[in-house]
Amino acid sequence: MLARIGLEPGDVEFYAEQLSGILAHIDRLKELDTDAIPPTAQVVEVANTLREDVPRPGLSQAEALANAPAAVDGFFRVPSIQDEA
Amino acid sequence: MSKTKLTELTIKEAARLLRLRSFSAAELVTAHAEQIERLDHRVKAFLRFTPELWEKQAEEADRRIARGDLGPLVGIPMAVKDVLCVRGVETTAGSRILSGFRPPYTGTAISRLFAAGAVMLGVTNCDEFAMGSSTENSGYHPTHNPWDLDRVPGGSSGGSAAAVAAGEAMIALGTDTGGSIRQPAALCGVVGMKPTYGRVSRYGLIAFASSLDQIGPFTRSVEDTAIVLDAMAGHDPLDATSSTRPNDVLRDFDAGVKGMRLGVPREYYDVEGIEPAVKAAIDTAIKSLRDAGAEIVDVTLPHTDYGLAAYYIIAPAECSSNLARFDGVRYGFCQDGQNITESYERTRRKGFGTEVRRRVMLGTYALSSGYYDAYYLKAQKVRTLIKRDFDAAFERCDAIISATSPTVAFPIGAKTKNPLSMYLCDVLTLGGNLAGLPGISVPCGMTDEVLPVGLQVLAPQWREDVALRVARAYEVASGVKAEVAPLV
Amino acid sequence: MSSAPWEVVIGMEVHVQPTTRSKMFCGCAVGRLGDPPNSNVCEICLGMPGTLPVINKAAVEACLKTALALGCEIPRHTKFDRKNYMYPDLPKGYQISQYDLPMSKNGSLELDGRRVRIRRVHLEEDTGKLIHAGDKLHKAQESFVDLNRAGTPLMEIVSEPDLRSADEARDYAVALRTLLRTIGASEAEMEKGQLRAEPNISIRRTGSEELGVKTELKNINSFRALHRAILYEVVRQTELLESGGTVLQETRGWSEAEGRTFSQRSKEFAEDYRYFPEPDLPPLEIDRAWVEELGAALPELPGARRGRLTSEYSLPAADAVLIAADRDLADLFEAAVAAGADAKQVANWIIGEVAPAGKIPTAEHLADLVKLVTSGSITRDQGREVLMESVESGRSPSDIVTEHGYAQVSDEASLLAVVEAVMEANPRAVEDYRAGKKQALGALMADLKKRAPQANPKVSSELLLRLLG
């Protein structure tokens, strides 16, 4: 499941019913002819916001790791990452 | 001046009295702390408190006042929604997945308010990741409406609205993605405003839907709102979507509505599910405005019906991406697993509540290959249509008025079984988010059951000044003021 | 089954780190190798909640320059998109990249007279680094994340599958590197991770129009490794197909130690990245005037320079390639020739001495030196010493030669004494030479050189030969 939210047995039915109701409502959009309409990805008028290439101070290692559930020797620790053999 | 009165003042009044040394900033914040102590175990507007901060800030405020600082926000007690990062203060977005998270930085809007002298009381409750219309989705506990503790305060910024309505804070900050400031303001009888998208920096706001989110204030008067907005707004180099337009929110503030055209969209006026008491209150409000000299015109927003569908594709889609960072690796809650995938899934299953998981699933689906065109792209096109509706309407009027919410505050638990019924709370507000417009909700009376009703004013993009002007004129003409709820 | 010979088809994806001072979307300084882990980060590149990206102008400039140097089209509008997937080295759970409106497309790179088409050049941010407990990824019990590199700008240069051999692929990567260094867009050192080459390799029967199933190779850290890896993979695919198997579309890692590729992630079950426009970054409108300004400011590109070196200066192709590969050397060459030195000699000195030493003299000094040697004032060996001293001290070769009294002795009268002395001191060698062993001359010349280092070798050897009869 791409969302990686850990569905367990029973979850699927629970969500499926509610989601299907929502999706049915969302399907209303099919009624509209939007072929000639451009999408609005952003309502802001701004464009070309660029930052000058000037370094600014960041966090210390301690600050960076302060919230980490598992930090080891300055690294964030994670369990095994299995790429298929 | 009795302590009760201190917590019923507006910012404007408090600032004047602080100058006059009627009381100190320290006394003002203490009065609020005592109010909180008296009431919050019942209202539950707050999640946590920041006494070290408020003591330090109140002291500094008193020093500034002694030096003759005339800033309107110096010493004013403020509550902050749990989605706004303050350095060193536990900020959790109303979610268990962020419990214990202390940001190493403070967001821009709040930094500006701190610089202006505001004093932080604590962090207010909200629906988890700002997803909801009742604050019942909070990962911690629901908040209770100060006007009727068995009812919801609205959401997602329910804690902030309730805090101001209960006299626990003079300012509370909220965020509005589909109506999450305006709707709770209406349900709690306070003033709440969403600025134009891009007016206030989002740096420091834990993102829900990036193209819709905005930070805004809750207060007990339109003038107070204008003061806070003026202090917060303006370009931020850390937010590429923030505008460089100058702040002119206070322009023509007291000019009144004489000669202005106020549009009443028939689709909003007759929206499905609007309660008779709400409709009646709006009719009275329209009359007040007409008597004050405004011309009331009929306008139409033909695609209103499709707004909910477009919103419930765009917002979940963006949030599904924004919430991918909550993986238990660098911050927050972590439930370990045998491998990384298991860890991700266990962490997120346990850490995220039902509504969040629902929207993440919906959003992932809407963006997935094969469905992108039919859902996300389609919704963005419908968004264009909705924006065009407003553009056309604004050719016939200067501002749009309507009810903020189709209903008054509903009982806790009444809508939790059916998500769609909850989503319908936002039908009158989410159009403003889709089109990026500024909108304000002002109290416009009580129902027979003494439940507040809110009047919404929507203005064209960048015309906060118009929305504030109309709201102010209404406040003056009707005599309806935001009151502190009579909780004993 | 066709028995036409196999044809190798290669497309290259090259990730290049442009030269910038700060990261792509935040103000962190670009890290150095050897920084302690997670010491060069901020709340933005750590992907903390509430943070927002802002585009680095210098990265955009570097990308536009690269695109221009590759002859790409640069559109009016370009935007960034989110590429969504969860992985521990990707802090936000998505990478900000470019999908359907990249910064440039449809260019080409000239390679030995052939054109390799460039599909696109776009900008994105780099991920962090993972270190695995134990040696091998698939055996690691746990891993460790360092986010110093996360958020570093990257230019992705994608070619069409126009390359037909490991040699071509390597030459392409080298040429790309030269180009990037010439225009100053990147240092492009593979060993520093500033240039990463990922070949996409497939094979098909010659004459077929269809493409075979391709694999993508990763973890290649040098041009040599690129070459080896491609050769290996081609053999692997060939054997697989010839034995009746099928090639799986997948990512394969190259192991330098084992000299083979191994499967990493099957691309068939590739993630759906759910691309959508990055809502936190408004689109960029690339101003035409800016593009023209950048294009006009581009230095002469290596291909054009090579051409000019052969045509204008009559340099042999091999020399032109070597000199044009380095902008500084090429500039030095032209300036030294302009100062009056002989082109071929200057080229020899640059290729033989200057480039290997890595220290660059001024053009005037190089010209001066070359003239001193060609006129016979000093020997070649002396010239080497003088060159080194000139570069160290900054003094002109003429001055150095005068100071040291290095001037070569070329007049016969002075040399006569030395030559006679040499012949007297080496009777054996003299006899051997006269008896027909011409190689004995070498011993005599060696002695002469020892006794009189300033002796002009040409003049003294002629004299010696005359006296030897």
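A salt bridge is a side-chain nitrogen of Lys or Arg within 4 Å of a carboxyl oxygen of Asp or Glu. The exercises below apply this term and others to a predicted model, in which local features need pLDDT of at least 70, side-chain atom pairs count only at pLDDT 80 or more, and totals for chains, interfaces and linings use all residues. Residues are numbered from 1 along each chain as its sequence is written, chains are lettered from A and ligands numbered from 1 in the order in which they are written, and side-chain values use heavy atoms, with hydrogens and water left out.

**Exercise 1. Salt bridges between chains**

Task: State how many salt bridges a search of the whole structure finds, and describe the pairs of Glu52(A) and Glu63(A).

Solution. 

Step 1. Over all chains, the search finds 71 salt bridges. Side chains of opposite charge can pair when their charged atoms come close.

Step 2. Glu52(A) pairs with Lys57(C), and their closest N and O atoms are 3.8 Å apart. This pair crosses between chains: Lys57(C) belongs to helix 1 (residues 57-69) of chain C, while Glu52(A) lies in the loop between strand 1 (50-51) and helix 2 (61-65) of chain A. Here helices (H or I, at least four residues) and strands (E, at least two) are DSSP runs, numbered from the N terminus.

Step 3. Accessibility is described with three words: buried means under 20% relative accessible area, exposed over 50%, and partly exposed in between (1.4 Å probe, protein chains only). Lys57(C) counts as partly exposed because its relative accessibility is 29%. Glu52(A), at 53%, counts as exposed.

Step 4. Glu63(A) forms a salt bridge with Arg87(B), at 3.0 Å from N to O. This pair also crosses between chains, from the loop between strand 2 (77-81) and helix 5 (108-115) of chain B to helix 2 of chain A. Glu63(A) has a relative accessibility of 26%, so the residue counts as partly exposed.

**Exercise 2. The interface of chain A and chain B**

Task: Describe the contact between chain A and chain B: how many residues take part, and which elements of chain A supply at least two residues each?

Solution. 

Step 1. Contact means heavy atoms within 4.5 Å. By this rule, 48 residues of chain A touch 70 residues of chain B.

Step 2. Buried area is the accessible area (1.4 Å probe) that two parts lose on being put together, summed over both. For chain A and chain B this area is about 5100 Å², with 64% of it on carbon and sulfur atoms.

Step 3. Three salt bridges are counted between the two chains. Arg77(A) and Asp336(B) also meet in a salt bridge, at 3.4 Å from N to O.

Step 4. On the side of chain A that touches chain B, helix 1 (11-26) and strand 3 (75-79) of chain A each supply at least two residues. Helix 1 of chain A gives the most, with 10 residues.

**Exercise 3. The interface of chain B and chain C**

Solution. 

Step 1. Chain B brings 38 residues to the contact and chain C brings 30 residues.

Step 2. About 2700 Å² is buried between these chains, and carbon and sulfur atoms give 61% of this area.

Step 3. Arg202(B) and Asp280(C) meet in a salt bridge, at 2.9 Å from N to O.

**Exercise 4. Chain A as a whole, and one helix of chain B**

Task: Give the order of the elements of chain A, and decide whether helix 6 of chain B is mostly covered or mostly uncovered.

Solution. 

Step 1. Chain A has two helices and three strands, which run α-β-α-β-β from the N terminus on.

Step 2. Of the 85 residues in chain A, 44% are buried.

Step 3. Helix 6 (residues 158-165) of chain B is mostly covered, with eight of its eight residues buried. Among them are Gly158(B), Ser160(B) and Val164(B).

Step 4. After helix 6 of chain B comes Gly167(B), whose phi is positive, near 75 degrees.
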